[in-house]
Amino acid sequence: MTVLKEKVARLRQAYAPHEHRPLGGYLAAMGTYAGVTAGIAGLVKATGRPVPERPAPADVVLLAVATHKLSRLLSKDAVTSPLRAPFTRYDKPIGSGEVMEQVRDQGSSTRHAIGELLSCPFCLAVWVATGLTGGLVLAPRLTRLVATALTAVAASDFLQMAYAVAQQAAEGGDHDED
């Protein structure tokens, strides 16, 4: 075993002595994220697109809601489960068209890290926000259009849930009168 491999093995053992943590996979994910971000920055520079000194508050709100919705769509929606299937295993439905999945522990640490990333809306949000922000600089009209659609879907989700709660309350009220 090389000196570097021994140091990595000791670090892994010291970090999580009683649990497997895919540190190598996390490093690969961080490296990929850095590469994607550098690629977007390089593309912005190569195209000469102006980068705003301060994003407009309306764009920040639009991208925040769109990031929330796209992150949930990619990480929890039943219809997008084929994208996660190589890295996760179906566990159970969790309502509103979403599913709970478990990360597959077999295979490489990179596979495990990707499974965690793809099944966690909070983790995925960083990637989505980076893509949407890059899109806002490179193709602002298209990005705003896509973000507007995602924001409308997020608002619709909340309205659907509010309707369901109101409907349950009304039905519960009917039962109390009987």
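**Terms and values**

Author: Start with the overall form. The protein has a radius of gyration of 21 Å, whereas a compact globule of 178 residues would have one near 16 Å. The radius is taken over C-alpha atoms, and the globule rule is 2.2 Å times the number of residues to the power 0.38. Along its principal axes the C-alpha trace spans about 75 × 50 × 25 Å. This is a predicted model, where local features need pLDDT of at least 70, side-chain atom pairs count only at pLDDT 80 or more, and totals for chains, interfaces and linings use all residues. Residues are numbered from 1 along each chain as its sequence is written, and side-chain values use heavy atoms, with hydrogens and water left out.

Reader: What secondary structure does the protein have?

Author: Seven helices and two strands. Helices (H or I, at least four residues) and strands (E, at least two) are DSSP runs, numbered from the N terminus. From that end the order is α-α-α-α-β-β-α-α-α.

Reader: Why is glutamate 98 called buried?

Author: Buried means under 20% relative accessible area, exposed over 50%, and partly exposed in between (1.4 Å probe, protein chains only). Glutamate 98 has 17%, so the residue counts as buried. Glutamate 98 lies in strand 2 (residues 98–103). Contact means heavy atoms within 4.5 Å. Leaving aside residues up to four places away in sequence, glutamate 98 touches Arg72, Lys76, Asp77, Ala78 and Pro93.

Reader: How much of the protein is buried?

Author: Of its 178 residues, 23% count as buried. In helix 5, the buried residues are His112, Ala113, Gly115, Leu117 and Leu118. They pack against helix 2, helix 3 (57–76), helix 4 (81–84), strand 1 (88–95), strand 2 and helix 6 (121–138).

Reader: What describes the packing of two helices?

Author: The angle between their axes and the distance between the axes. For helix 2 (residues 23–47) and helix 5 (residues 109–118), the axes come within 7 Å and cross at roughly 65°. Axes are lines fitted to C-alpha atoms, for helices over the stretch in contact, and angles run from 0 to 180 degrees between N-to-C directions.

Reader: Which residues meet where helix 2 and helix 5 touch?

Author: Gly24, Gly25, Tyr26 and Ala28 in helix 2 meet Ser109, Thr110, Ala113 and Glu116 in helix 5. By class, that contact has three nonpolar, four polar and one charged residues. Ala, Val, Leu, Ile, Met, Phe, Trp, Tyr, Cys and Pro count as nonpolar, Asp, Glu, Lys and Arg as charged, and the others, Gly among them, as polar.
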